[in-house]
Amino acid sequence: MPDAAIPTNWGCAEDVPPAERVADAAALLVVDMQNDFVRVGAPLEVPDARITIAPIRRLIGAFRAAGRPVVYTRFYARDTPELMWLWSKQCQAETRCCWQGVRRSYADADSELECGNVIDELSPLPGDIIVDKFGYGSFHATDLDAKLRALGVRSLLVTGTVTQICVEETAREAFHHGYRTTLISDGVSSFAPDLQAATLRNFAMKFGWVADAATALSWLGAKQLSHTEVI
């Protein structure tokens with residue numbers, strides 16, 4: 001576990017100095033910012049995900065400029081019946097949401113796009129890490145933890161969609177794997193504002209910290225990079 005022990009003077013989460021919340025070996029996690037969630041008219045469209053693009057871009061730019069890891073996850077649905085189909089009928093064969101290899105048209109795209117790809121605005125670059133998953137949590141049945149440990153990562157900043165589903169599941173898993181975890185409040189999105197608010201409040205109560213992108217960057221000592229954009 002990255003944090004098997006903590007200093008005895010940390011009586012509660014509020015006692016942890018901001019710089020220790022995002023220790024030097026911090027990584028940025030971009031959860032499921034894929035075409036089938038973000039593009040206009042997508043089968044599982046989350047309109048507010050498009051509002052988070054700019055804050056996430058600033059974080060990506062800052063992390064890359066500082067040589068810190070940027071990790072993307074991609075959710076894929078299986079092409080054979082599974083339990084998840086009962087709650088996300090768009091993943092069934094009629095629509096094939098988030099199926100590997102499926103291309104579709106979107107109202108805000110000039111041509112067909114691979115439905116499971118990360119949106120062009122946040123495209124991974126060589127050297128970035130991509131983790132594919134077939135469930136909500138990014139640690140479940142993936143090598144994410146092994147990749148982070150190999151890089152010496154101790155803390156995570158988590159962004160992406162959907163807040164109360166894949167983002168929350170991933171962030172809770174990160175806590176249980178020993179990572180100091182911060183949810184970026186203006187970098188996560190939901191189709192249900194009440195569930196987004198409840199998720200952020202609950203996470204801050206028991207699992208980690210919640211901060212906006214600018215605050216998190218200041219914790220990292222990267223305030224000067226807070227307006228960096230991805231080229």
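User: Is Cys-98 buried or exposed?

Analyst: This is a predicted model, where local features need pLDDT of at least 70, side-chain atom pairs count only at pLDDT 80 or more, and totals for chains, interfaces and linings use all residues. Residues are numbered from 1 along each chain as its sequence is written, and side-chain values use heavy atoms, leaving out hydrogens and water. Buried means under 20% relative accessible area, exposed over 50%, and partly exposed in between (1.4 Å probe, protein chains only). Cys-98 has a relative accessible area of 0%, so Cys-98 is buried.

User: What is the phi of Cys-98?

Analyst: Cys-98 sits in the loop between strand 2 (70-75) and strand 3 (103-104). Helices (H or I, at least four residues) and strands (E, at least two) are DSSP runs, numbered from the N terminus. Cys-98 is not a glycine, yet its phi is positive, at about 60°.

User: Where is Asp-32 found?

Analyst: Asp-32 has a phi near 55°, positive in a residue other than glycine. Its relative accessibility is 0%, so Asp-32 counts as buried. Asp-32 is found in the loop between strand 1 (26-31) and helix 2 (35-38).

User: How far apart are the end C-alpha atoms of helix 6?

Analyst: The expected span is 1.5 Å times one less than the number of residues. Helix 6 (residues 193-206) has 14 residues, so it should span 20 Å. The model agrees: its end C-alpha atoms are 20 Å apart.

User: Which residues are exposed on the face of helix 6 turned away from its buried side?

Analyst: Gln-196, Thr-199, Leu-200 and Phe-203 are buried in helix 6. The face turned away from that buried side carries the exposed residues Asp-194, Arg-201, Met-205 and Lys-206.
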